[in-house]
Amino acid sequence: IGIAFLGLSQATLIFANPVVGILPLYLVVIGYFADINFAGPVPISLAIILVSIILGAADDVVNKDALSAAAEDVAAYGLSFAGDALGDWSEVSIYIGTIFPVALAAAAGTLMNVISAKKAGDSYPLKETMISDGFGTMIGAFFGTPFGTSVYIGHPAYKRFGAGIGYSLINCVVFFFFAIFGIFAVAAALVPPQGTAPLLIYVGFMICKEALEEMPNRQYPTFIIGILPALSDFASTLIGTGIPNIGLQALAKSSILLALVQSTIWWYIIERHLAQATAWTLAAAILAGLGVIHQPAASGENFNKQQVLIQDFSDPANSLFQTEQWRFMVGYLLVIVPLAILAALQKYTDKVDPPREPYVPTYEKDENVVVSHAGIDASDADIALKEASL
């Protein structure tokens with residue numbers, strides 16, 4: 001996410017309009033990476049937004065006609081209750097294969113964000129966070145939103161912005177009123193995308209910087225393999241219905257979950273924890289066999305069937321088909337063979353070197369971690385995090 005959707009995709013917006021985009025980008029570098037306060041009492045992020053609005057107006061990206069058209073959408077839309085949808089469950093089986101991997105990836109993302117926050121000095125209760133995500137998603141669904149609730153990614157970056165609990169509260173209130181009165185269109189017409197893109201790039205780069213800082217040099221290949229699915233996911237959306245490359249499309253499906261699984265396997269192998277690597281590879285084989293990873297949708301029925309990967313509606317005969325789920329499963333099962341043999345040799349002989357010395361992240365060494373007052377103490381939070389990581 002950090003390198004692809006918060007980095008590369010935002011950079012393409014900036015360089016699509018260099019007059020409006022390049023200066024805000026370098027103001028982010030000056031203000032946040034160089035830590036130079038050029039805006040005085042004005043928050044740096046707000047100053048960057050204001051500069052982009054001025055440049056956008058000068059370059060006619062922000063103009064009266066666009067604002068007038070957006071203002072026409074402002075009205076009191078109110079709330080709508082979608083509970084009636086619960087009366088029809090006939091299509092659940094069609095979409096569960098898509099919903100389940102997305103939900104699983106969101107849960108994994110929340111777990112990683114809790115650890116990221118702890119690294120930044122803020123310890124939060126894991127169970128409470130996960131349960132809150134679930135309840136928030138269900139409440140939103142009752143009012144018709146298809147988007148799941150999850151913890152903000154990029155906690156260290158927001159903290160550096162000076163954001164605290166008030167940031168979340170303000171976001172909640174502003175988004176609520178913008179939604180029920182249709183003000184988002186006006187905001188989009190007033191603030192050019194080149195104004196917000198540099199701030200998102202900063203968040204994305206901080207995510208990558210944080211990951212690199214919290215791993216030994218020998219694990220840099222793990223970082224690289226972890227970003228490939230997200231880059232493939234981004235690239236697969238660039239041309240029409242997708243780039244006609246089977247391998248790229250296979251990497252793009254369930255990219256967040258796939259990145260988590262692949263990088264975990266690589267991590268354990270490089271650390272020479274071969275038994276754990278074998279277990280995770282078996283998990284990858286099961287997920288692949290069920291179509292949870294590498295496939296457009298999860299389904300046991302499609303185990304040995306080709307699924308449509310890229311649909312060409314103008315010429316269905318030219319639609320691309322992905323290789324069957326069982327082929328990916330077999331690929332992972334083949335990896336288990338040498339891993340299991342090496343794990344056995346490591347345990348019962350001295351022919352394979354033992355696991356490396358445990359790497360302790362800096363946030364585990366820091367005794368000055370601030371604990372949130374949310375009904376759980378630091379020791380419980382540590383135990384919950386470690387249990388979840390196992």
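**Helix packing and nonpolar cores**

Tyr202 touches Val28, Tyr32, Phe33, Ala157, Arg160 and Phe161, leaving aside residues up to four places away in sequence; contact here means heavy atoms within 4.5 Å. The model is predicted, with local features requiring pLDDT of at least 70 and side-chain atom pairs counted only at pLDDT 80 or more, while totals for chains, interfaces and linings use all residues. Residues are numbered from 1 along each chain as its sequence is written, and side-chain values use heavy atoms, without hydrogens and water.

**Nonpolar cores**

- The largest nonpolar core has 16 residues, and those with the most contacts inside it are Val28, Tyr32, Ile48, Leu199, Tyr202 and Val203.
- Helix 2, helix 3, helix 7 (155–160) and helix 10 (193–213) each supply at least two residues of this core, and the largest share, five residues, comes from helix 10.
- A second, separate core of 15 residues includes Ala250, Val261, Ile265 and Phe328.
- A nonpolar core is a set of buried Ala, Val, Leu, Ile, Met, Phe, Trp, Tyr and Cys residues joined through side-chain atoms within 4.5 Å, where buried means under 20% relative accessible area (1.4 Å probe, protein chains only).

**Helix 2 against helix 3**

- The axes (lines fitted to C-alpha atoms over the stretch in contact) of helix 2 (residues 18–33) and helix 3 (residues 44–58) come within 9 Å and cross at roughly 165°.
- Helices are DSSP runs (H or I, at least four residues), numbered from the N terminus.
- The two helices, helix 2 and helix 3, are therefore roughly antiparallel (angle over 145 degrees).
- Residues of helix 2 including Val19, Leu23 and Leu27 meet residues of helix 3 including Ile44, Val51 and Leu55.

Note on methods: Axes fitted to C-alpha atoms, helices over the stretch in contact; angles between N-to-C directions. Parallel < 35°, antiparallel > 145°, perpendicular 65-115°, else oblique. Buried < 20%, exposed > 50% of the residue type's maximum accessible area, 1.4 Å probe, protein only.
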